[in-house]
Structure formats: structure tokens, C-alpha cells
Amino acid sequence: NPDAVARGAVLYSRYCAQCHGGGGISSGVLPDLRSSPYLQKSGLFRLPPLEGALAQRGMPSFKDHLNADDIEAIRSYLIDMARVTLPGATVLPR
């Protein structure tokens, strides 16, 4: 959905890019989100930012700033970025 991708791009830029890099492309310190196994399922992708599933690794919860629809839009954006920038990516949901 192009609208979700566009909305996800805005949200990603605001909440994620400072740590995970522009377009989900990591500088090598933090995970490259374009190939994250968390992209496979929306419920799984929500766990780190909303439930704090990776708090022990330094990723804060964003539940006070983002909701499930926001996270799904970010996921859509990252899937789109992976398709555009990772030719032949096979780990992406359709």
C-alpha cells in the first residue's frame, strides 16, 4: 500500500533513522532493518518497539509515541526499502 509506505517513511525518519540509519540501512553498529527477521510477521515486528522486547539490548519502547498501525506502516516502508535496495531478497513477505 503506497500510502502506508509513505506514512511509514515519515515515522521511520522521526523515530528510527537516528539509530538504525536512513532507509533502514545500518552503518554497521545496529541491525540493518531491511533484512530483519522481525519483518516476517507484523505481530513479531511490533514486539521490540511496542513491548520493549529488545530493551535488554538498548532499544527503548516507543509505546508512548507509536501505536500498532504506526508500527505496521514502518514495517511496510522497510519491506519496500528492502525490495528496492536488496535485489533478490528472499526473506520478505509479499
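**Ground rules.** I number residues from 1 along each chain as its sequence is written, and side-chain values use heavy atoms, with hydrogens and water left out. Since the model is predicted, local features need pLDDT of at least 70 and side-chain atom pairs count only at pLDDT 80 or more, while totals for chains, interfaces and linings use all residues.

**Core.** I looked up the largest nonpolar core and got 18 residues. Such a core is a set of buried Ala, Val, Leu, Ile, Met, Phe, Trp, Tyr and Cys residues joined through side-chain atoms within 4.5 Å. Buried means under 20% relative accessible area, exposed over 50%, partly exposed in between (1.4 Å probe, protein chains only). Tyr12, Leu66, Ile74 and Leu78 have the most contacts inside this core. Two or more residues each come from α1 (2-15), α3 (42-51) and α4 (68-85); helices here are DSSP runs of H or I, at least four residues, numbered from the N terminus. The largest share, seven residues, is from α4.

I then checked Leu78 for contacts (heavy atoms within 4.5 Å). Beyond its neighbours within four places in sequence, Leu78 touches Tyr12, Gly23, Gly24, Leu33, Leu39 and Phe45.

**α1 against α4.** How do the axes of α1 and α4 cross? They come within 7 Å and cross at roughly 100°. Axes are lines fitted to C-alpha atoms, for helices over the stretch in contact, with angles from 0 to 180 degrees between N-to-C directions. The two helices are therefore roughly perpendicular (65 to 115 degrees). On the α1 side I noted Ala4, Val5 and Arg7 among the residues that meet α4, and on the α4 side Asp69, Asp70 and Ala73 are among the partners. By class the contact has nine nonpolar, two polar and four charged residues.

**Aromatic pairs.** My search of the whole structure gave two. Rings of Phe, Tyr and Trp (its six-membered ring) pair if their centres lie within 6.5 Å; planes under 30 degrees apart count as stacked, over 60 as edge-to-face and the rest as tilted.

Tyr12 and Tyr77 have ring centres 5.5 Å apart and planes at 45°, so I logged this pair as tilted. Tyr12 is in α1 and Tyr77 in α4, 65 residues apart. Tyr12 is buried at 1% relative accessibility, and Tyr77 is buried at 11%.

Tyr15 and Phe62 are edge-to-face, 6.1 Å centre to centre with 75° between the planes. Tyr15 sits in α1 and Phe62 in the loop between α3 and α4, 47 residues apart. Both are buried.

Terms used:
Angles under 35 degrees count as roughly parallel, over 145 as roughly antiparallel, 65 to 115 as roughly perpendicular and the rest as oblique. Ala, Val, Leu, Ile, Met, Phe, Trp, Tyr, Cys and Pro count as nonpolar, Asp, Glu, Lys and Arg as charged, and the others, Gly among them, as polar.
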